[in-house]
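Open your viewer, show the chain as a cartoon, and let us walk through it together.

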Amino acid sequence: MFKLSEDYSSGFILEKQIEWWKAIVYSINDGILVIDHQGFVRHINPEYTQITGVTPDIIGKRLKDYRPGAQLPETLADKKCRVGVYRKTDNREYIVDMAPIIVNDKIIGAVSVCKSLTEVHKLSQELKKKGEKLEQLQKKMNSLYQAKYTFKQIIGRSGGLREAVYVAERVAESDLAILITGESGTGKELFAQAIHNESSRKNKPFIPVNCAAIPSTLLESELFGYGDGAFTNAKKGGKIGLFEIANNGTIFLDEIGDMSYDLQAKLLRVLQERKIRRVGETAERSIDVRIIAATHRDLQQLVKKNRFREDLFYRLNVIRLQVPPLRERKEDIPDLVNSMLHSSAMNLSFEHYPPSPYTIDRQTLKILLSYEWPGNVRELKNVIDYASCMAEGTEIKVQHLPELIMKKGIHLFEPVTPSNQTLQEAMEEAESKFIQQTLKRFGSDIEEKKKAAKALGISLATLYNKLKRYHIDF
Ligand SMILES: Nc1ncnc2c1ncn2[C@@H]1O[C@H](COP(=O)(O)OP(=O)(O)OP(=O)(O)O)[C@@H](O)[C@H]1O
């Protein structure tokens, strides 16, 4: 209820005050209509006309006669406020609040304040669209950061591998941090993805971060993001970090052993408090992210050398998965090779559908079993992809293997040539055949020879030397 000041005895002051109030009413964004105690319209502001379509010629007329549906005269009669009354006239929709004007306990009129619903509709429509766009972006982001592997795709029957799978399956559902150790290419990321996909977070992002690939000066802002103007060249408005992108999902911190000592302390804080702070900001943000870390290094040794924090090590080491190197589980090779031959067929066989799976001959598999695989399963996969590419039909033979592996396994050849051949001669014969097949595949002009040399992993000059030496006429 509004009460005018008693102190307006002077007519001049009163006039000034009225002018002042009128200016306020005119500058308000809501529509305003005022009636006097007899129900005659005294004021309307331009916004009222804009919202309701009622023009200023209503001033001086009785509101009830002019707009029979109006409820303001009732407010005048019962002195009760009315809030949020919906009105619709000539396709105009608006919401009206009404209140009596009481001065010195006497009712001198009533005021109606209205807000256009068209505007509210427009805003809510925009909000809805933005909400939908946000949802789409969220879905897109989730699909961009989807983990594709599940436990079913972890191939191998060896005890070491099965034990790692057993532990991983048991801890997948929990939110505990996990440390995966193993040489490069053994399948650490494969395990991390399978764990994520087995957890309730599976439809949320899986964010892999290679801590060794990002310069340590940048890693903090990549992981935690930064605030507006955090440093020179910082993006305006700041940047969201990978932890925030991974919210409700999983972050996979590969090569954790390469993380700087300072950043390790910040990571420990995230593990303990579940909060992050963007670089250059003071406020903390809560996050819900599962952390899976991996390394090919011996973290215990790094702790001893003061290069890895002991507290972080113990925090991560609670659940430890050790993925053995391929050389220690060679019994996994035949299954891995079979599965890889199958996917090679899917990738390469565009001539025949359905694609016929590649096979591998006994000699070649024997060579693969004898090799030590320093690059582990990743190296095996590359070799199978290469050999499938080199095979003329669908059977992979020794000569389709990369030169290095073929040479290492040449001693396993069952003699198909006369037994008086020396090892050197056998190797040269295999090399000559392999070069001829490669050239058959690529062709003989200079550009094709360049491609063949590249596929063989030798320079063009070496290829020419070998052609001359083996009297290959291409
Ligand atoms: N047991 C397995 N079954 C099927 N595929 C495997 C297996 N282990 C590894 N791979 C495949 O080998 C490749 C390398 O695996 P991954 O990237 O997971 O290794 P990593 O240990 O994380 O390597 P790095 O330490 O170099 O990052 C991938 O293509 C992966 O799918």
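Here is a tour in a few stops, each with something to select.

**Before you start.** This is a predicted model, in which local features need pLDDT of at least 70 and side-chain atom pairs count only at pLDDT 80 or more, while totals for chains, interfaces and linings use all residues. Residues are numbered from 1 along each chain as its sequence is written.

**Stop 1: the whole chain.** Colour by secondary structure: the protein has 19 helices and 16 strands. These are DSSP runs numbered from the N terminus, with helices being H or I of at least four residues and strands E of at least two.

**Stop 2: the largest nonpolar core.** Now select I180, F191, I251, F252, I292 and A293, the residues with the most contacts inside a core of 42 residues. A nonpolar core is a set of buried Ala, Val, Leu, Ile, Met, Phe, Trp, Tyr and Cys residues joined through C-beta atoms within 7 Å. Helix α7 (residues 188-198) gives the most to this core, with five residues. Apart from this core lies another, of 21 residues, including I333, V377, I396 and M406.

Next, centre on I251. Which residues is I251 in contact with, leaving aside its neighbours within four places in sequence? They are I207, V209, L242, F243, A246, V289 and I291, where contact means C-beta atoms, placed from the backbone, within 7 Å.

**Stop 3: α6 and α7.** Axes are lines fitted to C-alpha atoms, for helices over the stretch in contact, and angles run from 0 to 180 degrees between N-to-C directions. A164, A168 and E169 of α6 touch F191, A194, I195 and E198 of α7.

**Stop 4: α17 and α18.** Finally, select residues 423-442 (α17) and 446-456 (α18), which pack at about 130° with axes 9 Å apart. The pair is therefore oblique, the class left after under 35 degrees (roughly parallel), over 145 (roughly antiparallel) and 65 to 115 (roughly perpendicular). I435, T438, L439 and F442 in α17 meet E448, K451, A452, A455 and L456 in α18.

Conventions:
A residue is buried if 20 or more other C-beta atoms lie within 10 Å of its own, exposed if 12 or fewer, and partly exposed in between; C-beta atoms are placed from the backbone. Two residues are in contact if their C-beta atoms, placed from the backbone, lie within 7 Å.
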